[in-house]
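Here is a report on the structure shown below. Keep the sequence and the 3D view open while reading.

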Amino acid sequence: MNRPGLLPACTAMLRRDLTLAWRRRGDIAMPVLYALIVTMLFPFALGPEDTLLQRIAGGVVLVTVLLAMLLALDAMFSSDIEDGSLEQLVLAPQPLALMLGMKILAHWITTALPLIVIAPLMAAMLHLPGVVIPVLLLALLLATPLLSLLGAVLVALTAGTRRSGMLLALMLLPLCVPAVIFAAGAVAAAQQGLPWLAPISWLAAALVLAVVLAPLACAAALRIALDA
Amino acid sequence: MSNWIPLWLHKLGSPPTFYRFAGTLQPWAMTLALLLGAIALYGGLVLAPADYQQGDAYRIIFIHVPSAEMSMFIYAVMGVAAFIALVWRIKLAEVVAMESAPIGAAFTFITLVTGSLWGKPMWGTWWTWDARLTSELVLLFLYLGVIGLYHAFEDRRQGARAAAFLAIIGIINVPIVHFSVNWWNTLHQGSTINIFGQSKMSTDMLWPLLTMMLATKFYYAASLFRRVRTDLLALEGGKDWVRRIAEDEAKS
């Protein structure tokens, strides 16, 4: 049998997922709109004082991005499960972990990247000082792939169930605590003019660990969830 | 001759044998738990002297510390059982892991409640975002996630396997969470009891505490055995040994 090599398989997987996402551009816009609306509600709820908004801006942007990603996480495998292409992927000769890694990458590009692009706008709405914004973007660039990877493992675990939205939030909460602490810690340190490299390094270390382990765990979880 | 221990363990893994074994041990474990618990409570609430600084308020540790210890001990048991269930696909290990989760969640909840009852007079607040308190809360959510995932599947064995996988992820996650929240904020005192070396606690207070820790272990064993037996009957319903038990019940 003529089986394609790893690299062509990876690019094919990535291109397929990105094309599918592009054909449904409206879905990409939903998390972005959600994040903007949530950010907009904070000044209404807390009052328009600049000092208060400035103090909470970093944390609010991070939590809002996290919630927006959680909203989109549910859809990571759902259409593939419905049309059966996920079973084909499990049966494919290429390593499942690698293929799932590509799917996670595609998911990150379509949901997290737009959120990172509008993050400066969200930060500006809450009067975050301009000098802190690069640190915020760096923290988001490291924290969002981490959340995508961890979320993918949990989504794979719930692949065999029907209602999983609330359950997913419950399971993701304990896993995302360290990511939120370090990302928010870096932003807060930068805002106070303190060195912010240490929490960023921890985030990067966690991301490296997750890049190696999460696709493997995701593959194992998917095998558990699909074999009945 | 010397391989009777592995043979016995192997037999114990089969549902009917474990059902009988747990049925024999369960009343003993429950009796010991109640007895030791009563002795520990008497020793802790009546015999032990009041603390020179905290007065009588410190006495909540006779509930708080054993529950906190059990919340982690049960998670460890659940993790080991989950690992065995996933690697060797032993049905009994799946049941033990899944039936441990609600008991562990209950102990975690008791720890949080007693801690906040103590915190109100001592720290002046019900809740504070301290490292240990936050890790314990995260532990509660891990337990709830495992329970929730288990019940989300229609097929119970598949649900048990998925939830077992989540429990193992949780075990890797617990030290990371503990470390990160420690780095973030700390107020809770360090540990007072030291197994290897001198404890920073008077013996009058120490013995009821250790007795209570033993009592909670026996309670866990009794409760787990009872739950596992019920679960095994439900899971194996229609098999011969279950039918025989049902017929015996009907006769008597």
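T108(B) touches S71(B), E136(B), L139(B), L140(B) and Y143(B), leaving out residues up to four places away in sequence. The model is predicted, so these contacts are computed from predicted coordinates. T108(B) sits in helix α4 of chain B, which runs over residues 91–122. Is T108(B) buried or exposed? T108(B) is buried, because 26 other C-beta atoms lie within 10 Å and the cut-off for burial is 20 or more. M72(B) is 36 residues away from T108(B) in sequence, yet their C-alpha atoms are 8.3 Å apart in space.

R161(B) belongs to helix α6 of chain B, residues 156–184. R161(B) counts as buried because it has 27 C-beta neighbours inside 10 Å. Beyond four places in sequence, R161(B) contacts A85(B), L86(B) and E94(B), and also I224(A) of chain A. L41(B) is 120 residues from R161(B) along the chain, and 39 Å separates their C-alpha atoms.

| Residue | Helix of chain B | C-beta atoms within 10 Å | C-alpha distance |
|---|---|---|---|
| T108(B) | α4 (residues 91–122) | 26 | 8.3 Å to M72(B) |
| R161(B) | α6 (residues 156–184) | 27 | 39 Å to L41(B) |

Next comes the contact between the chains. Chain A puts in 22 residues and chain B puts in 23 residues. On the side of chain A, helices α7, α8 (165–191) and α9 (197–226) each supply at least two residues. Which of these helices gives the most? It is α8(A), with 10 residues. By class, this side of chain A has 18 nonpolar residues, 4 polar residues and no charged ones.

The nonpolar core is the next topic. The largest one holds 139 residues, and A139(A), L150(A), V153(A) and A156(A) touch the most other members. Helix α7 of chain A, residues 133–157, contributes the largest share of this core, 16 residues. V153(A) has contacts in both chains: A214(A), A217(A), C218(A) and A221(A) on one side, and I169(B) on the other, with neighbours within four places in sequence left aside. In soluble globular proteins, nonpolar side chains tend to be buried together.

Now to chain A as a whole. Its secondary structure comes to 9 helices and 0 strands. Along the sequence the pattern is α-α-α-α-α-α-α-α-α. Buried residues account for 42% of the 228 residues in chain A. The C-alpha atoms fill a box of roughly 65 × 35 × 30 Å along the principal axes. Of the contacts in chain A between residues at least 6 apart in sequence, 82% join residues at least 24 apart.

One helix pair in chain A shows the packing in detail. Helix α1 (residues 6–23) and helix α6 (residues 96–125) of chain A pack at about 35°, with axes 9 Å apart. Their crossing is right-handed. From α1(A), residues including L6(A), C10(A), M13(A) and L14(A) take part. They meet residues of α6(A), among them L98(A), M99(A), M102(A) and I109(A). The contact of α1(A) with α6(A) divides into 12 nonpolar, 1 polar and 2 charged residues.

Notes
Residues are numbered from 1 along each chain as its sequence is written. Chains are lettered from A and ligands numbered from 1 in the order in which they are written. This is a predicted model: local features need pLDDT of at least 70, side-chain atom pairs count only at pLDDT 80 or more; totals for chains, interfaces and linings use all residues. A nonpolar core is a set of buried Ala, Val, Leu, Ile, Met, Phe, Trp, Tyr and Cys residues joined through C-beta atoms within 7 Å. A residue is buried if 20 or more other C-beta atoms lie within 10 Å of its own, exposed if 12 or fewer, and partly exposed in between; C-beta atoms are placed from the backbone. Helices (H or I, at least four residues) and strands (E, at least two) are DSSP runs, numbered from the N terminus. Two residues are in contact if their C-beta atoms, placed from the backbone, lie within 7 Å. Axes are lines fitted to C-alpha atoms, for helices over the stretch in contact, and angles run from 0 to 180 degrees between N-to-C directions. A crossing is left-handed if the near helix is turned anticlockwise from the far one by less than a right angle, and right-handed if clockwise. Ala, Val, Leu, Ile, Met, Phe, Trp, Tyr, Cys and Pro count as nonpolar, Asp, Glu, Lys and Arg as charged, and the others, Gly among them, as polar.
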